Amino acid sequence: MITLKSPREIDLMRRAGQVVATILHEMCDMVEPGISTGELDRFAESRCKELGVKPAFKGYHGFPACVCISVNEEVVHGIPSKKRVLQAGDIVGMDFGVIYDGWFGDSARTVPVGKVSLEAQDLMTRTEEALRRGIEQARAGNRIFDIGHAIQNYVEGFGYGVVREFVGHGIGKALHEEPQVPNFGPRGKGLALKEGMVLAIEPMINAGSHEVRVLSDGWTAVTADRSLSAHFEHTVAITPEGPRVLTER
Ligand code: MG
Ligand code: MG
């Protein structure tokens with residue numbers, strides 16, 4: 001079942017989204033060589049307490065932390081650890097969500113650690129642009145695969161792989177609601193988009209093959225060929241005025 005949100009509910013979801021945006025922005029500012037992913041996670045947890053929100057991922061299906069932090073060839077669902085110290089040249093994806101007054105917000109960014117290769121910077125820049133192009137399709141009257149088609153069509157032009165195993169999702173009073181939002185697919189097909197739908201759009205793009213594996217920790221997804229991967233995500237409401245990004249500051 002797909003729940004449609006009223007304009008008032010979308011405003012409430014925007015409050016959750018703004019807290020996500022603030023904390024995620026602060027985490028991105030802290031990224032530098034020598035910081036551990038565990039420190040970033042502890043910071044996010046303390047900020048949630050200060051701002052009176054609950055971290056959305058901690059305990060979700062048993063996930064042990066507040067933020068999914070995925071480095072280099074890790075695609076998504078990396079587990080933060082004080083032993084994982086970031087090095088210059090790494091790229092780090094941070095995926096973070098909160099619950100505020102019962103409403104969820106969900107967003108992700110991938111950022112460089114110090115100076116990174118041109119290939120790594122291109123992958124991040126183009127994945128963020130792919131997200132922007134996907135968001136542009138989140139309009140009443142379009143179809144769900146228009147979003148994925150825009151993403152896939154753009155990034156495959158660079159020889160990148162679009163991850164298939166993980167997709168975006170509806171979001172509201174639950175973190176993962178229907179519908180699924182694939183980052184690939186045929187233009188003009190699938191569910192008709194309607195005003196009041198709120199979608200988490202989240203391309204996961206690999207520099208090489210689209211295939212992924214899950215490590216023995218049961219969480220961390222990595223690229224099968226160990227190429228770099230980038231991940232950007234926004235929570236987006238479909239409104240009469242078009243797509244409204246709720247997790248942008
Ligand atoms: Mg997320
Ligand atoms: Mg998500």
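A residue is called buried here when its relative accessible area is under 20%, exposed when it is over 50%, and partly exposed in between (1.4 Å probe, protein chains only). This is a predicted model, in which local features need pLDDT of at least 70 and side-chain atom pairs count only at pLDDT 80 or more, while totals for chains, interfaces and linings use all residues. Residues are numbered from 1 along each chain as its sequence is written, chains are lettered from A and ligands numbered from 1 in the order in which they are written, and side-chain values use heavy atoms, without hydrogens or water.

E129 is buried at 19%, whereas R133 is partly exposed at 35%.

Another salt bridge joins D101 and R15 at 3.1 Å, N to O; this pair links D101, in the loop between β4 (91–100) and β5 (103–112), with R15 in helix α1 (residues 7–30), 86 residues apart.

The magnesium ion (ligand 2) has D106, H169, E202 and E233 as its protein donors, 2.1 to 2.3 Å away, donors being N, O and S atoms within 2.8 Å of the metal (3.2 Å for Na, K and Ca), with water not among the atoms, so sites may look incomplete. D106 also coordinates the magnesium ion (ligand 1), 3.1 Å from ligand 2.

Key: Salt bridge = Lys/Arg side-chain N within 4 Å of Asp/Glu carboxyl O. Helix = DSSP H or I, 4+ residues; strand = E, 2+ residues; numbered from the N terminus.
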